[in-house]
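Please read it alongside the sequence and the coordinates.

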Amino acid sequence: AGGGAGGAYYGGGGGAGGLLTSSLPSLSTGVTLTATVGAGGASVAGAPGTRGPTGVNSTLAGSGFTTVTAAGGGGGGSDNQAVGGAGGSGGGGSQSGSSAGGSGTVGQGNNGGSATASAPDYGSAGGGGAGAVGGNGNNAAGDGGVGLQSSITGTATYYAGGGGGSSEETGDSGSEAGTAGTANTGGGGGGANQTQASGAGGSGVVILSMPDDSYSGTVTGSPTVATGVSGKTVITFTGNGTYVT
């Protein structure tokens with residue numbers, strides 16, 4: 001799913017979009033599978049600060065099985081909404097107080113890290129990732145939780161990593177912008193300090209893999225289609241579309 005955005009003004013990192021993998025049941029010919037790809041949470045900026053927006057769910061629906069829904073990542077906390085948002089993985093807490101991370105969704109991701117205000121240097125927590133909870137913030141910013149690696153496309157790729165928290169060290173301007181999550185991986189965006197913009201969450205992705213001789217050739221929405229990936233055809237939806245079995 002889409003990753004959560006980082007928080008603004010002492011912002012925590014955004015949580016990764018929920019990551020799900022599964023095998024579909026044997027489907028009859030002519031079943032339409034509809035992929036809906038969630039966008040990442042939008043960047044935010046300004047005082048007194050705003051929790052990062054939650055990412056958008058991604059879904060796969062069709063007759064013959066229950067719709068699969070990956071939950072959008074939770075947004076990172078800020079100075080006036082200090083607790084990280086809940087989601088596929090939870091957003092990190094803000095350094096503006098003793099702030100908890102948001103909750104992740106069981107089976108999809110992990111919780112965001114917690115932050116404790118600690119002078120002279122301050123750090124917000126990182127958002128949770130599919131592979132680990134977000135790092136806690138204290139005298140330094142917490143790292144985003146690591147994602148999980150998959151080779152479904154034929155290339156080993158990390159998906160659903162959390163965004164890092166912001167930091168304010170003694171003597172600096174405390175005005176760093178956040179880094180955006182990687183597109184089509186569901187990565188969380190990084191938190192920002194003061195008036196700078198937080199990192200937007202990365203958009204999600206829906207990937208289908210099937211034996212080459214099972215591929216019907218009927219798709220909509222312009223997905224990427226790769227054949228001969230260890231005997232499999234791989235359909236990668238980076239936007240909404242369909243596949244007909």
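Strand 10 and strand 11 pair in the antiparallel sense over 4 bridges, where pairing requires at least two DSSP bridges between two strands. Strands are DSSP runs of E with at least two residues, helices are runs of H or I with at least four residues, and both are numbered from the N terminus. Valine 229 has lysine 232 of strand 11 as its bridge partner. These strands belong to an open sheet of 3 strands, with the order 8-11-10 and antiparallel pairing. Strand 8 and strand 10 (224–229) are the edge strands, each pairing on one side only. On average, neighbouring strands of this sheet are turned by 15° against each other, direction ignored; the axes are lines fitted to C-alpha atoms, and angles run from 0 to 180 degrees between N-to-C directions.

The model is a predicted one, in which local features need pLDDT of at least 70 and side-chain atom pairs count only at pLDDT 80 or more, while totals for chains, interfaces and linings use all residues. Residues are numbered from 1 along each chain as its sequence is written, and side-chain values use heavy atoms, with hydrogens and water left out.

Strand 1 and strand 2 run antiparallel and are joined by 3 bridges; alanine 35 has leucine 60 of strand 2 as its bridge partner. Strand 2 is joined to strand 3 (residues 68–70) by 3 bridges, also in the antiparallel sense, and threonine 59 has threonine 69 of strand 3 as its partner. Strand 2 and strand 3 form a hairpin with 6 residues between them, and glycine 64 in the turn has a positive phi of about 100°. At the other end of the strand order, 3 bridges join strand 9 to strand 12 in an antiparallel arrangement, with threonine 218 opposite valine 244 of strand 12.

In a regular strand the side chains alternate between the two faces of the sheet. Buried means under 20% relative accessible area, exposed means over 50%, and partly exposed lies in between (1.4 Å probe, protein chains only).

## Nonpolar cores

The largest nonpolar core has 12 residues, including Val31, Leu33, Val37, Leu60, Phe65, Met210, Phe237 and Tyr243. Such a core is a set of buried Ala, Val, Leu, Ile, Met, Phe, Trp, Tyr and Cys residues joined through side-chain atoms within 4.5 Å. Strand 1 (32–36), strand 8 (206–211) and strand 11 (232–237) are the elements that give two or more residues to this core. Strand 8 gives the most, with 3 residues. Another core, of 8 residues, lies apart from it and has Tyr159, Ala160, Ile207 and Val229 among its members.

Valine 37 is in contact (heavy atoms within 4.5 Å) with residues including Asn57, Ser58, Val206, Phe237 and Asn240, leaving aside its neighbours within four places in sequence.

Threonine 245 is placed in the segment after strand 12 (241–244). A polar atom of its side chain lies 2.6 Å from the backbone oxygen of serine 28. Not counting residues up to four places away in sequence, threonine 245 touches residues including Leu27, Gly30, Val31 and Ser216.

Glycine 101 lies in the loop between strand 3 and strand 4 (122–123). With 19% relative accessibility, glycine 101 counts as buried. Glycine 101 and valine 83 are 18 residues apart in sequence and 5.8 Å apart in space, C-alpha to C-alpha. Leaving aside neighbours within four places in sequence, the contacts of glycine 101 include Gly84, Gly91, Gly112 and Ser114.

## The chain as a whole

The protein chain has 0 helices and 12 strands. Its radius of gyration is 19 Å, close to the 18 Å that the globule rule gives for 245 residues, so it is as compact as a globular protein of that length. The radius is taken over C-alpha atoms, and the rule is 2.2 Å times the number of residues to the power 0.38. Along the principal axes, the C-alpha atoms fill a box of roughly 65 × 25 × 25 Å. Buried residues make up 47% of the 245 residues.

Note on methods: Polar contact = N/O pair within 3.5 Å; in protein donor to acceptor, adjacent residues only side chain to side chain.
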